[in-house]
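Please open the structure in your viewer and keep the selection tool at hand. The tour below moves from one selection to the next and says what is there at each stop.

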Amino acid sequence: MDIDAWVWWLIGAVGLGIPLVLTAMPEFGMFSVGAIAGAVTAALGFGVVAQVLVFALVSVALIAVVRPIAARHRDGRPQHASGVDALKGRQAVVLERVDGAGGRIKLAGEVWSARALDADAVFEPGHKVDVAEIDGATAVVM
């Protein structure tokens, strides 16, 4: 049974597509597209040298062009804080006296246990404080 070269290139393209899906490394996808270009070259009747050259040129061109564009888009996207990271730097209102030992604040519409960042600081009810960090289920305020 003799398998045409273009079939081998397609098998290679699928083989390169599997690590793309498993590792989310886009370079494998670019090599897979290069293998498809090699398959097209083989189907058109060109020799092995031309097939390998087309594979290499398409793969390298995609890596050289697409990766910088993708990196620009990835780096240009604003990073959105979520969870407790989104609460850092927010203002809260003291509900029960907050000192180095503890207290209660209202933060983002919820009641949180809190303690002062500076152990000597004391915040009375109604005072606005800033959240420095979240330590477990306790807001550390200043």
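What follows is a walk through the aromatic rings, then a helix, then the nonpolar cores.

Residues are numbered from 1 along each chain as its sequence is written, and side-chain values use heavy atoms, with hydrogens and water left out. This is a predicted model, in which local features need pLDDT of at least 70 and side-chain atom pairs count only at pLDDT 80 or more, while totals for chains, interfaces and linings use all residues.

**Aromatic rings**

Begin with the aromatic pairs, of which a search of the whole structure finds two. Rings of Phe, Tyr and Trp (its six-membered ring) pair if their centres lie within 6.5 Å, and planes under 30 degrees apart count as stacked, over 60 as edge-to-face and the rest as tilted.

Select W9 and F55, whose ring centres are 5.4 Å apart and whose planes stand at 40°, so this pair is tilted. The pair links distant parts of the chain, since W9 belongs to helix α1 (residues 5-23) and F55 to helix α3 (residues 48-76), 46 residues apart. Helices (H or I, at least four residues) and strands (E, at least two) are DSSP runs, numbered from the N terminus. W9 is buried at a relative accessible area of 15%, whereas F55, at 21%, counts as partly exposed; buried means under 20% relative accessible area, exposed over 50% and partly exposed in between (1.4 Å probe, protein chains only).

Because F31 lies in helix α2 (residues 26-43) and F55 in helix α3, the pair ties together parts that are 24 residues apart in sequence. F31 is partly exposed, with a relative accessible area of 31%, and W9, F31 and F55 form one aromatic cluster.

**Along helix α3**

Next select A50, which is placed in helix α3 and is partly exposed at 26% relative accessibility. From its C-alpha atom to that of A70, 20 residues apart along the chain, the separation is 29 Å.

**Nonpolar cores**

Now select I105, L107, F123, A139 and V141, which touch the most other members of the largest nonpolar core, a group of 16 residues. Such a core is a set of buried Ala, Val, Leu, Ile, Met, Phe, Trp, Tyr and Cys residues joined through side-chain atoms within 4.5 Å. Finally, a second, separate core of five residues includes W9, A13, A39 and A42.
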